[in-house]
Amino acid sequence: MDHWVQLFPVSASTHADAVDHLFYFLLIVCVFFAVLIFALILVFSIRYRRTVHPVAEQTKSSIGLELFWTIVPFLITLVMFIWGSKVYTDGEIPPRGAQDVYVVGKQWMWKVQHPEGRREINELHVPENTPIKITLTSQDVIHSFYIPALRIKQDAVPGQYRTLWFQATRPGTYHLFCAEYCGTNHSKMIGSVFVMEENEYQAWLAGANDMQPLEAGAKLFVEYDCINCHGTGIRARAPTLGGLYGTYVLLADGRRVLFDEDYIRDQLTDPASKRVAGFNPDMPLFKGQLTEEQIIDLIAYLKSLSSGATPAETRQK
């Protein structure tokens, strides 16, 4: 809606219509029952007022009426649940091949990292008609990544990775907010989302001079001498990491966990919580030594390793 009184933000993503239709349904149901209840209260207050009925009378029960007001609300709430679940899951599960973008919230800014190396603060550039998968975390307190025009909102929680995805359908500039009170300058934690045509987006990416996360992660891997434990031969004091991403790892306590972003982060910040079966608890603690951006770089690098691949230990020293 582009009227001078804009009650709703523009619809600029494939999620927007589904979210709006569900919202309208909930709104209509709420308004209907609010009006119905108010009207019944008004009618009964007049019809059964004390001056007309000074003595209270016991009314007869009606099985049909009781079944009606039990079954009908149940069916309505069931529709809400099923409909809401579908809208939620459709917005939570990104399609295969979605373009990765990493976002770190901190007081009071959004730091964005593109796989191609481009970094942004309080801005997010994306191409139109392309699925975008956002991997989100926080460096300090809980924030909430909120883009009204795209109908997406997700909490950024310290120590966790949350994901969401969208596909923008309308080029333009849209508001980016933090929707969770996060401190004194919460209201200043705002930014802009730029939805661009594909050729404009590629031209924007081409202007990047930043190191790609994969390259930065490889450099960190060598700088922190990870190969000293994750190498092969007599120094193999920890699993070799090539090809592990997306597979399941057997832990010392018998659990099997997915080797994904959360697992890698846990191993860097709390290695004792998920020790791999067959290896001693030698993994050093990197909590406080690595920033959230560096952890994301390391994850990008480990995701790129094919089976058996490890960096040459002197390659980037």
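Select helix α6 (residues 261-269) and helix α7 (residues 292-304): they pack at an angle of about 125 degrees, and their axes are 10 Å apart. This is a predicted model, in which local features need pLDDT of at least 70 and side-chain atom pairs count only at pLDDT 80 or more, while totals for chains, interfaces and linings use all residues. Residues are numbered from 1 along each chain as its sequence is written, and side-chain values use heavy atoms, with hydrogens and water left out.

Helices (H or I, at least four residues) and strands (E, at least two) are DSSP runs, numbered from the N terminus. Axes are lines fitted to C-alpha atoms, for helices over the stretch in contact, and angles run from 0 to 180 degrees between N-to-C directions.

Next, show the side chains between the two helices. E261, I264, R265, L268 and T269 in α6 meet E292, I295, L298, I299, L302 and K303 in α7; contact means heavy atoms within 4.5 Å.

Now go to T135, in strand β5 (residues 131-138). T135 has a relative accessible area of 2% and is therefore buried (under 20% relative accessible area; exposed is over 50%, partly exposed in between, with a 1.4 Å probe and protein chains only). Setting aside neighbours within four places in sequence, T135 is in contact with V101, Y102, V103, Y161, R162 and T163.

Last, select C226 and C229. The sulfur of C226 has its closest cysteine sulfur in C229, 8.5 Å away, which is too far for a bond. A disulfide is a pair of cysteine sulfur atoms within 2.5 Å, and the whole structure has zero disulfides. C226 counts as buried, at 16% relative accessibility.
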